[in-house]
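The following exercises are to be worked with the sequence and the coordinates at hand. Each task is followed by a stepwise solution.

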Amino acid sequence: LKFTQRSVHDCAPPPPRAPPISAGRPASMPQNFGPTLEGDVERVLVGEDDLRKKCAELGALIARDYEGKTPVLVGVLSGAAVFMSDLIRCISIPAELDFIVVSSYGKGAVSGDLQFKKDVSIDLRGRHVLIIEDLIDTGRTLKAIGDLFSSRGAVSVEFCTLLDKKARRVVDVPIKYIGFECPDEFVIGYGIDYAERYRNLPYVAALKRSVYE
């Protein structure tokens, strides 16, 4: 922790900061939050027991498919953090972990459009990479990430997602590991947010429309 000396003239209070805006969502989106997180839930889509069982199921499949390969598991933050932390404890083979924070611009969302707030720190040349997501909808950004990692020399790039929202798909992305099919609703919980809320709910739920309309 680094401290710097400040003069008397530096002690004026800083200007007020604008409230944070959730990445990828317009500032104008309503935020009609209720007094409790649970009160904003329309209904639970995937309960805690089903989430635990699915992580065990996917972990066993990944361990079987990557036996002897020591894959690099790349989590897409922040949404995949909770799912990934539970999933990796169900994978019984050696694996390395890394994380990315990424956004894309442009309607095409090709690898050149990607903006990394955090890139991987592991050299992917000659490695088997498994990208772990919370939810896949259009598929544009994820396909661009996969293409980029392949161009960096990864031997293989596969995808694992907790939720697959096929109704919004515009790009064909071959997803090897899928937790649950996702209805075309605004989902929250288990790492998934709306305006940075609800990530800490222990289940996946549909958000009440009154919150965001």
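**Exercise 1: A residue in a strand**

Val-101 counts as partly exposed because its relative accessibility is 24%, a value in the predicted model considered here. Determine which strand holds Val-101 and which residues Val-101 touches beyond four places in sequence.

*Solution.* 
1. Val-101 belongs to strand E3, which spans residues 96-104.
2. Leaving aside residues up to four places away in sequence, the contacts of Val-101 are Leu-77, Gln-115, Phe-116, Lys-117 and Lys-118.
3. For Lys-118, the C-alpha atom lies 4.8 Å from that of Val-101, although 17 residues separate the two in sequence.

**Exercise 2: Backbone geometry**

Identify the peptide bond between Leu-77 and Ser-78 as cis or trans, and examine phi of Ala-195 and of Tyr-198.

*Solution.* 
1. Omega between Leu-77 and Ser-78 is about 5 degrees, and the bond is cis.
2. Ser-78 is situated in the loop that runs between strand E2 (72-76) and H2.
3. Ala-195 has a positive phi, near 55 degrees, and Tyr-198 has a positive phi near 80 degrees.
4. As a rule, most peptide bonds are trans and most residues other than glycine have a negative phi.
5. Ala-195 is located in the loop between strand E8 (187-188) and strand E9 (204-207); Tyr-198 also lies in the loop between E8 and E9.
6. Buried means under 20% relative accessible area. Ala-195 is therefore buried at 19%, and Tyr-198 is buried at 1%.

**Exercise 3: Packing of two helices**

Describe how H1 and H2 pack: what are the angle and the distance between their axes, and is the crossing left-handed or right-handed?

*Solution.* 
1. The axes of H1 (residues 48-65) and H2 (residues 81-88) are 8 Å apart, at an angle of about 60 degrees.
2. The crossing is right-handed.
3. H1 contributes Cys-55, Leu-58, Gly-59 and Ile-62 to the contact, and H2 contributes Phe-83, Asp-86 and Leu-87.
4. Sorted by class, this contact between H1 and H2 comprises five nonpolar residues, one polar and one charged.

How values were computed: Residues are numbered from 1 along each chain as its sequence is written. This is a predicted model: local features need pLDDT of at least 70, side-chain atom pairs count only at pLDDT 80 or more; totals for chains, interfaces and linings use all residues. Side-chain values use heavy atoms; hydrogens and water are left out. Axes are lines fitted to C-alpha atoms, for helices over the stretch in contact, and angles run from 0 to 180 degrees between N-to-C directions. Helices (H or I, at least four residues) and strands (E, at least two) are DSSP runs, numbered from the N terminus. A crossing is left-handed if the near helix is turned anticlockwise from the far one by less than a right angle, and right-handed if clockwise. Contact means heavy atoms within 4.5 Å. Ala, Val, Leu, Ile, Met, Phe, Trp, Tyr, Cys and Pro count as nonpolar, Asp, Glu, Lys and Arg as charged, and the others, Gly among them, as polar. Buried means under 20% relative accessible area, exposed over 50%, partly exposed in between (1.4 Å probe, protein chains only).
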